Amino acid sequence: MNRALAILNLLGVLALTILCVLQWRTNRTLNLDVNRLEQTRQSQAARLADQADQISGLTADLDCFRAQLAATTLSQKEDAEKNLTRQRDQLTTAIAEWTAAVAARDRRITEANDRIRELSSQLNDTAAKYNALVTTHNALVGQMNEEHATQEVKPAPGTNPTQKP
């Protein structure tokens, strides 16, 4: 029986050894998986930290860009308003100058029309005086012709009256 116990004991030790080897392999595989997963977790955590840093940097850049965009937009609006105000003032000045020029032109046209009327009146008066003078001249010439025709032609001294010129 001792021998049977020794064999049984040997078989028990062998079974326990096999069981320990199997358990050791299982534990080793699980431990390797745990180590690999821990390394993966650490690398993922490092990646997440890098991404968080990048996101915070990008967020800061985005905020800076938004502030610059807002400032640029405001500056652009102010410049546009100033430009429109300047153009409005220039147009107002140009309209005022144009209105003054038109008024001056109208005054000159009125003065020229008055001068033309005055000269036309003077021309009409001069033409009337000339016509009266011509009428008087023609009447005098007609009178002189009548007087001359009624007067005898007296020969000049030293000329022969029977001789015709």
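This is a predicted model: local features need pLDDT of at least 70, side-chain atom pairs count only at pLDDT 80 or more; totals for chains, interfaces and linings use all residues.
How much of the accessible surface of the protein chain belongs to carbon and sulfur atoms?

1. **Surface.** The share belonging to carbon and sulfur atoms is 61%, out of an accessible surface of about 15,200 Å² for the protein chain.

2. **Overall form.** Taken along the principal axes, the C-alpha atoms of the protein chain fill a box of roughly 220 × 40 × 20 Å. The radius of gyration is 68 Å, whereas a compact globule of 165 residues would have one near 15 Å.

3. **Secondary structure.** This part is quick to learn, as the protein chain has one helix and zero strands. The helix is α1, covering residues 2-150.

4. **A residue to look up.** T135 sits in helix α1. T135 counts as exposed because its relative accessibility of 54% is over the 50% cut-off. Eleven residues along the chain from T135 comes E146, and the C-alpha atoms of the two are separated by 16 Å.

5. **Cysteines.** You will find zero disulfides in the structure. C20 has a relative accessible area of 46%, so C20 is partly exposed. C64 is also partly exposed, with a relative accessible area of 40%.

6. **Charges.** The protein chain carries 19 positive and 19 negative side chains. The centres of these two sets lie 14 Å apart.

How values were computed. Residues are numbered from 1 along each chain as its sequence is written. Side-chain values use heavy atoms; hydrogens and water are left out. Helices (H or I, at least four residues) and strands (E, at least two) are DSSP runs, numbered from the N terminus. Buried means under 20% relative accessible area, exposed over 50%, partly exposed in between (1.4 Å probe, protein chains only). A disulfide is a pair of cysteine sulfur atoms within 2.5 Å. The radius of gyration is taken over C-alpha atoms; the globule rule is 2.2 Å times the number of residues to the power 0.38. Accessible areas come from the Shrake-Rupley method with a 1.4 Å probe; for residues, only the protein chains shown count as cover. Lys and Arg count as positive and Asp and Glu as negative; His and the chain ends are not counted. The place of a charge is taken as NZ of Lys, CZ of Arg, CG of Asp or CD of Glu.
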